[in-house]
Amino acid sequence: MTAVLKTIAGVPGGTAGRRPGTAREIALVAVFAVVAVLPLIAGDKFWTRKLFVIAVMSIVAVGLNLVLGYAGEYALGQVGIFAAGAYVTGVLTATYGWNAWAAMLAGVLAAALIGLVASVPGLRVGGWYFALTSLFIATVIPQTVKIIPKPTGGEFGLAGIDRPTVLGHALSTPALYALSLVLLGLSLLGLRNLTRSTWGLAFACLRRGDICLRSVGVSPTRVRLTIYLLAAVLAGVGGAVYPFLDGFISPDAFPLSLSILIIGATIIGGSDAVWAPVIGVAILQFVPEVSDRFDKYALLIYGLALVLGSLLLPRGLVVPLRRGASALLAAAARPGAGTGGGTGTGGVPAGGTGSADAAVARLTGAADPGAVLEVAGLGKAFGGNQAVADVSFTARPGQITAVIGANGCGKTTTLNLISGFYRADRGRVGVGGTPLEGRAPHRVVRERVSRTFQTPLLLPDRTVLENVMAGMLTRTPVGAATAILGLPAARRARAGFAADAADLLAFAGLAHLAGQEADTLSPGRQRLLEVARALAGSPAVLLLDEPAAGLVGAEVDELAALLRAVRGAGVAIVLVEHNMRLVMGLADHVVVLDTGTVIATGTPDEVRADAAVARSYLGRSRTEKGEGL
Amino acid sequence: MPDSWEPYISALVAGLGVGGVYALVAMGYNLVFRATGVFNLAQGQLLSYGALIGFTLWVTHGTPLLLALLAVTAAVAAIGFLQERITVAPLSRAGSNSMAWVITTLGASVALENVAQLVWGGDQHPVPSLIELDAWSIGGATVQPANMLILLTALAVAAALTAVTRYTRAGKTWSATAEDAEAARVRGINTRRVGAVSFAVAAAISGFAGFVVAPVTGASFDMGSSLTLAGFVAIAVGGFGSAGGALAGGLILGVINSEAVLVLSAAWQDVVTLLVLLAILAVRPNGLFGTYRERVI
């Protein structure tokens with residue numbers, strides 16, 4: 001029983017590198033077994049059917065949860081893909097007389113294909129636009145059978161879908177139900193492995209936005225296609241078993257309200273656990289059952305679930321369930337007081353305390369004296385506004401090159417042009433002779449040019465350690481299949497990330513915060529954390545966009561010490577900054593911009609003495625003592 | 001060359017009528033979207049309430065037509081206002097970037113539809129023509145006055161909305177809020193009120209439109225969900241940002257749909273709508289006349 005509670009209370013993917021206890025695995029299987037046997041013991045046909053439907057819908061909803069919950073992608077077409085899987089399986093079995101098992105396999109493959117095709121708009125338009133498009137696709141796919149009534153039975157439905165056989169015996173309803181449970185269990189297991197692998201970090205980044213994912217060197221398109229495909233496969237698996245319950249399907253079996261049910265289940269279940277949608281589906285299937293006029297109020301209940309679930313429980317029922325389970329565990333552990341290790345609130349990093357020296361050694365080892373960043377004649381206009389007119393400078397390894405200038409002079413635009421977020425109208429950018437201009441931002445990161453942002457792009461609800469680990473995604477790609485199967489390679493990659501990230505946290509002076517969620521940190525610490533993440537890919541060039549903004553007192557000194565250490569490791573640093581004391585104290589080389597053009601370059605002393613710079617900064621008359629400079 | 005153009009012209013005229021309905025839903029979307037950045041997925045259901053309340057007042061209780069029109073418009077505006085307060089306003093506290101409104105307005109749409117079914121039942125209620133006019137004929141093709149009335153309503157609403165957004169202070173306030181809610185707040189615009197008012201006005205348009213549409217489509221609880229999606233496709237075709245784009249998109253979609261049903265079969269209607277959407281996404285994701293661009297960063 002405590003094992004079950006621990007499973008509920010646990011934070012999958014929440015703590016890095018933790019070896020999942022076998023007790024939990026056994027507990028999950030035990031829950032499954034109990035649920036599976038219940039209707040069989042009762043011998044109740046009605047409940048067996050009901051639970052079969054819940055299991056099938058859960059498989060579909062678990063797929064939606066991967067897309068919507070984990071990755072924040074509004075791909076709402078799951079039910080359409082489910083229908084496609086059901087129809088392909090049904091038609092091949094009933095109309096063409098295929099072996100049911102082969103037809104099921106074909107149904108899953110067809111659903112995967114259709115899911116990929118249906119996801120193409122998601123690569124072109126994002127957000128709510130894709131939400132509506134995919135919802136529309138979900139309602140239209142079942143209607144297409146009316147166009148081809150010959151093999152599909154058209155609007156009147158398709159009958160005679162014979163159940164698969166084992167040793168010559170057709171599966172009974174309880175056996176079919178057991179099959180659906182096994183499939184659901186495998187789906188949950190695979191997704192659990194996937195979300196706990198390094199892929200889980202990529203999903204969290206995608207949920208934060210394309211820019212976040214690109215800044216850690218991962219292609220959003222690749223992650224999107226992967227999750228769309230996986231969600232489609234799950235919808236297809238659900239679709240492939242579904243027609244065999246009644247041996248009959250019709251377009252009316254896949255109404256808009258079914259999409260609403262699946263979405264509602266995902267919302268009220270919650271997005272932090274792979275099993276959460278199962279609870280959502282069960283609730284939405286059972287609650288209308290309590291009233292005897294099911295059909296009359298079902299949509300009202302689903303609708304209220306969507307509204308109230310979003311407003312009152314934005315992270316789903318998982319959160320209160322976890323809290324309850326943790327409280328029960330704590331209560332149970334108190335009298336026993338001994339063997340139980342406790343649940344751990346935020347999670348302690350498994351990598352142990354990291355070594356700052358190891359982090360420096362890795363940075364130094366990766367440093368390349370030839371990796372000189374060269375920017376030549378860069379220009380960019382937005383409409384009529386020439387944000388960057390003509391910017392050229394060189395940033396050398398082991399040096400800090402500061403880019404300064406008044407607000408709106410083109411500093412951040414220059415960083416965006418170097419890192420590929422903007423496409424330059426003209427000019428060249430290269431590192432160690434490799435041209436960077438025209439490359440997508442995540443490809444620039446792969447050339448070991450990483451950056452931070454004016455507003456830190458952290459994963460707010462992930463731990464500090466995990467935030468740094470996300471920065472390593474570009475380094476060791478793990479195949480999705482490897483991750484789903486939970487192969488040792490996937491676990492090793494994540495453990496390696498955790499260990500290296502712990503080193504970097506020690507280096508950045510954040511080791512004591514490793515287990516905290518990133519949004520609990522002070523703004524200053526968040527900036528240090530983002531610098532640590534940018535270092536995670538062992539960059540040759542580090543671009544920093546106002547890292548000292550919002551830092552107070554000693555935090556500025558901490559940042560300066562960190563940047564000196566990074567410079568000492570041989571990294572080329574480009575520092576865009578307004579804090580002149582920091583710039584003048586740190587920089588080896590200063591580039592001054594004014595209205596998109598370089599007006600001065602040189603050492604801090606040379607720049608300080610430059611008349612043009614003084615004019616740009618202090619206005620026409622230089623009456624002040626040059627406090628800033 | 002077909003034997004006679006007559007069926008195609010009849011379908012064209014009918015398509016303009018249906019397209020007018022799509023356009024009216026699309027203009028409601030556009031109005032709310034411009035002001036709040038929210039796409040109200042219950043817009044189609046608000047239109048169905050216009051038709052149903054109109055049926056009750058005018059057909060069942062014999063309320064004078066003009067009074068009934070006014071009452072319907074006001075009642076649906078109130079429903080829209082409440083919907084914004086319950087399903088959208090609480091979200092602004094959760095952060096402006098949140099897309100949770102996709103879920104909450106979707107929830108509102110199915111809840112409203114279910115309530116309509118409980119109140120008015122599952123049947124389609126016939127509504128007689130609002131104006132006593134005989135169908136006239138152009139080149140052998142029949143033109144139903146009810147269809148023309150829908151088209152005229154759509155044109156009038158589009159003209160009124162364009163005038164309001166271009167020339168009045170309220171319209172400019174809305175545009176400013178849509179552009180940047182934070183900046184609008186700083187300049188003293190009550191963005192909370194802009195949200196609620198835009199929902200109410202869009203609902204009023206939908207309510208009025210529902211009444212006008214009812215003689216053609218009948219009044220039924222489930223007329224909203226197909227309109228929700230068709231209105232979305234209309235705005236995707238026409239482009240976001242202007243009432244004119246919504247009008248053009250609605251009419252184009254209506255005519256394409258109507259001709260497709262004639263040439264192929266009724267089963268093709270939704271599929272053709274989807275193909276239109278995918279085609280526009282592939283060729284011009286901003287729509288034919290779009291002015292709105294989603295911000296990248």
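What share of the contacts in chain A between residues at least 6 apart in sequence join residues at least 24 apart? The figure is 76%. Keep that in mind while we walk through this model. One caution before we go on: the model is predicted.

Chain A, then. Its secondary structure comes to 26 helices and twelve strands. The chain has 629 residues, and buried residues make up 53% of them.

Now chain B. Here we have eleven helices and two strands. Read along the sequence, the pattern goes α-α-α-α-β-β-α-α-α-α-α-α-α. How compact is chain B? Its radius of gyration is 19 Å, and the globule rule gives 19 Å for 297 residues, so chain B is as compact as a globular protein of that length. The C-alpha trace spans about 65 × 50 × 35 Å along its principal axes. Of the 297 residues in chain B, 53% are buried. And for contacts in chain B between residues at least 6 apart in sequence, 76% join residues at least 24 apart.

Next, where the chains meet. Chain A puts 35 residues into the contact, and chain B puts in 31 residues. Which helices of chain A supply at least two residues each to that side? They include α5 (100-124) and α6 (127-143), along with α12 (256-269) and α14 (294-312). The largest share comes from α14(A), with eleven residues.

Let's move to helix packing. Two packed helices are described by the angle between their axes and the distance between the axes.

α5(A) and α6(A) pack at an angle of about 165 degrees, and their axes are 9 Å apart. Angles over 145 degrees count as roughly antiparallel, so α5(A) is roughly antiparallel to α6(A). The crossing of α5(A) and α6(A) is right-handed. From α5(A), the contact uses A:Ala118, A:Pro121 and A:Gly122. From α6(A), it uses A:Phe130, A:Thr133, A:Ser134 and A:Ile137. By class, the contact of α5(A) with α6(A) has four nonpolar residues, three polar and no charged.

Pair two is in chain B. Helix α5 of chain B covers residues 145-167, and helix α8 of chain B covers residues 191-217. They pack at an angle of about 165 degrees, with axes 8 Å apart. That makes α5(B) roughly antiparallel to α8(B). Is the crossing of α5(B) and α8(B) left-handed or right-handed? It is left-handed. On the α5(B) side, look for B:Ala146, B:Asn147, B:Leu149, B:Ile150, B:Thr153 and B:Val157. They meet B:Ile205, B:Ala209, B:Val212, B:Val213, B:Pro215 and B:Val216 in α8(B). The contact of α5(B) with α8(B) has ten nonpolar residues, two polar and no charged.

Helix α8 of chain A runs over residues 173-196, and helix α9 of chain A over residues 198-208. Their axes come within 4 Å and cross at roughly 75 degrees. That makes α8(A) roughly perpendicular to α9(A). A:Leu194, A:Thr195 and A:Arg196 contribute from α8(A). A:Trp199, A:Gly200 and A:Phe203 contribute from α9(A). The contact of α8(A) with α9(A) splits into three nonpolar, two polar and one charged.

Start with A:Ser538, in the loop between α22 (523-535) and β9 (541-545). Phi of A:Ser538 is near 45 degrees, a positive value in a residue other than glycine. Why does A:Ser538 count as buried? Because it has 22 C-beta neighbours inside 10 Å, and the cut-off for buried is 20 or more.

Go to the other end of β9, to the loop between β9 and α23 of chain A, where A:Glu546 sits. Phi of A:Glu546 is near 50 degrees, again positive in a residue other than glycine. A:Glu546 has 20 C-beta neighbours inside 10 Å, so it counts as buried.

Now into α23 itself, residues 554-568, for A:Ala561. A:Ala561 has 12 C-beta neighbours inside 10 Å, so it counts as exposed. A:Leu586 is 25 residues away from A:Ala561 along the chain, and their C-alpha atoms are separated by 9.3 Å.

Notes:
Residues are numbered from 1 along each chain as its sequence is written. Chains are lettered from A and ligands numbered from 1 in the order in which they are written. This is a predicted model: local features need pLDDT of at least 70, side-chain atom pairs count only at pLDDT 80 or more; totals for chains, interfaces and linings use all residues. Two residues are in contact if their C-beta atoms, placed from the backbone, lie within 7 Å. The radius of gyration is taken over C-alpha atoms; the globule rule is 2.2 Å times the number of residues to the power 0.38. Axes are lines fitted to C-alpha atoms, for helices over the stretch in contact, and angles run from 0 to 180 degrees between N-to-C directions. Angles under 35 degrees count as roughly parallel, over 145 as roughly antiparallel, 65 to 115 as roughly perpendicular and the rest as oblique. A crossing is left-handed if the near helix is turned anticlockwise from the far one by less than a right angle, and right-handed if clockwise. Ala, Val, Leu, Ile, Met, Phe, Trp, Tyr, Cys and Pro count as nonpolar, Asp, Glu, Lys and Arg as charged, and the others, Gly among them, as polar.
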